[in-house]
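Me: I have some questions about the terms used for this structure. Please set each value against its definition.

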Amino acid sequence: INQLTHKLPAKMNKQHLCFYLIATLVLHAKSLSSKPEINRRDSLRRFGSTLIGIPFVVPSTANADEGIAAITDSTIGRAFRKSVIKGAQVANELDGQWERLSDGLRNKNRCDPNTGRRLYDNGVRKDGTPIGNPGLGALCEAESLLPLDNTVGSKLLEVAVASALVTSGSKDTTSLNKYIEQTKNLVRPSFERSLQISTSEDDVKRRKFNFEIYATLRAINTYLKDNNASVEEFQVNWGREIVSLYAPSASRKDYTSPFPVKDDEFQDYDYDKDQLLDALGALKVVLDRLKEAGLLASYEISIPYDDYGSVVTVAVDDYVPIGAEILLSEQKFLVAGIGQALVRSVVNRARISFSLDTFYIDPSTTRQDNYNPTQLLLSLSSLSKK
């Protein structure tokens, strides 16, 4: 917005400014469909940074700070959105314009034959394949969440605490447990109020799990003194323990890409392809177990063939801990959730460096008054050998 406006005449009223911005951004959005060379990653980046009604991407540093995107209609979501946009004051009526434009790009009658997700109509490439990121679209035939298995949920929390202790080099749980109890006492009233709007017994269980994982991760972040290196080490340790529990012998044989294999898919990579596939095989087996436990409804792990092995995307639908994770990110805690821990662990084990961006998405709409993030989208880019 600043780039668009810095050359405008000093005297321009609000109506003219809105018209100018909308016209300029519409032309830019249309240009996406006229450039067949735009790949899946470019499409994701352009939508994240251009369309006001779509989750915004904060640039990330390799294996360090994560780009977090969350836009909701809640007070928390709107506050976070304002902090991410960094003071770009846009007239409120622009939101409605972009909500309609963004939803208009989503083709609700077509499904990607490989992923089974709704397509965005961004034009086609030279080979006739559609441009866009199916990971941003809802499943054409959505799967329902299974009942939550509290045993698995409790185990995830247990190994999180154990991993935090390993990271700190301590065997004494007293201090960490004290932080967890203090956090629970602090936030319990808010979570108990949320239980009043629960619609079923399963919904109550999911909200309670969000409470437990929020309090545990926030306490761990405090216990590790909000130190970036320590928190990242914790994530890797936690992910490794989860893989050891649910996918100890998984390998590349367990991974199948939703996209067709291309001869030049990995032409530019310098890492061990088989190790990456082993990592994704382990990730798939764990996600299958979490699906059985009612922590997610479905997922997609893909290596887009038009990015030649430099990008991996992981989309997790109806991700149960999403509320806790959005709250943690909005409050600027460094710690992230289960999905990020798993990805960091398996890709680190493959000796691959990468940048990780996290998105919290409502795959069905971009309208602010209806926006309800349910999908965790993890985008790994710039993959290279360590």
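Reply: One definition is needed at the outset: the expected span of a helix is 1.5 Å times one less than its number of residues. The model is predicted.

Me: What makes the reach of α10 close to the expected one?

Reply: Helix α10 has 20 residues, and 28 Å is expected at 1.5 Å a residue. From its first C-alpha to its last, α10 reaches 29 Å, which is close to that value. Helix α9, residues 228–246, also comes close to expectation: it has 19 residues and reaches 27 Å, where 27 Å is expected.

Me: Which residue has a side-chain oxygen that reaches a backbone nitrogen at the start of α10?

Reply: That residue is D272, whose side-chain oxygen comes to within 3.0 Å of the backbone nitrogen of D274. A polar contact needs N or O atoms within 3.5 Å, so a pair within 3.0 Å meets the distance limit. Just after α10, G294 has a positive phi of about 80 degrees.

Me: Why is N227 said to cap α9?

Reply: A side-chain oxygen of N227 lies 3.1 Å from the backbone nitrogen of A229, at the N-terminal end of α9. The limit for a polar contact is 3.5 Å, so 3.1 Å falls inside it.

Me: Which residues of α9 are buried, and what covers them?

Reply: Buried means under 20% relative accessible area. In α9 the buried residues include F234, W238, I242 and Y246. Their cover includes α6 (150–168), α8 (201–223), α10 and α12 (338–349). Within α10, L276, L283, L287 and L290 are among the buried residues. Over the chain of 386 residues, 53% count as buried.

Me: What makes a set of residues a nonpolar core, and how many residues has the largest?

Reply: Buried residues of the nonpolar kinds form a core when their side-chain atoms join them within 4.5 Å. The largest such set has 74 residues, and W238, L290 and I338 have the most contacts inside it. Helix α10, residues 273–292, gives the most to this core, with nine residues. Another core, of five residues, lies apart from it; A315, F359, Y371 and L377 are among its members. In soluble globular proteins, nonpolar side chains tend to be buried together.

Me: What does I338 touch, leaving out residues up to four places away in sequence?

Reply: A contact requires heavy atoms within 4.5 Å. On that basis I338 touches L156, F209, I213, W238, I242, L290, Y319, P321 and E325.

Notes. Residues are numbered from 1 along each chain as its sequence is written. This is a predicted model: local features need pLDDT of at least 70, side-chain atom pairs count only at pLDDT 80 or more; totals for chains, interfaces and linings use all residues. Side-chain values use heavy atoms; hydrogens and water are left out. Buried means under 20% relative accessible area, exposed over 50%, partly exposed in between (1.4 Å probe, protein chains only). Helices (H or I, at least four residues) and strands (E, at least two) are DSSP runs, numbered from the N terminus. A polar contact is a pair of N or O atoms within 3.5 Å; within protein, one must be able to donate a hydrogen and the other to accept it, and residues adjacent in sequence count only if both atoms are side-chain atoms.
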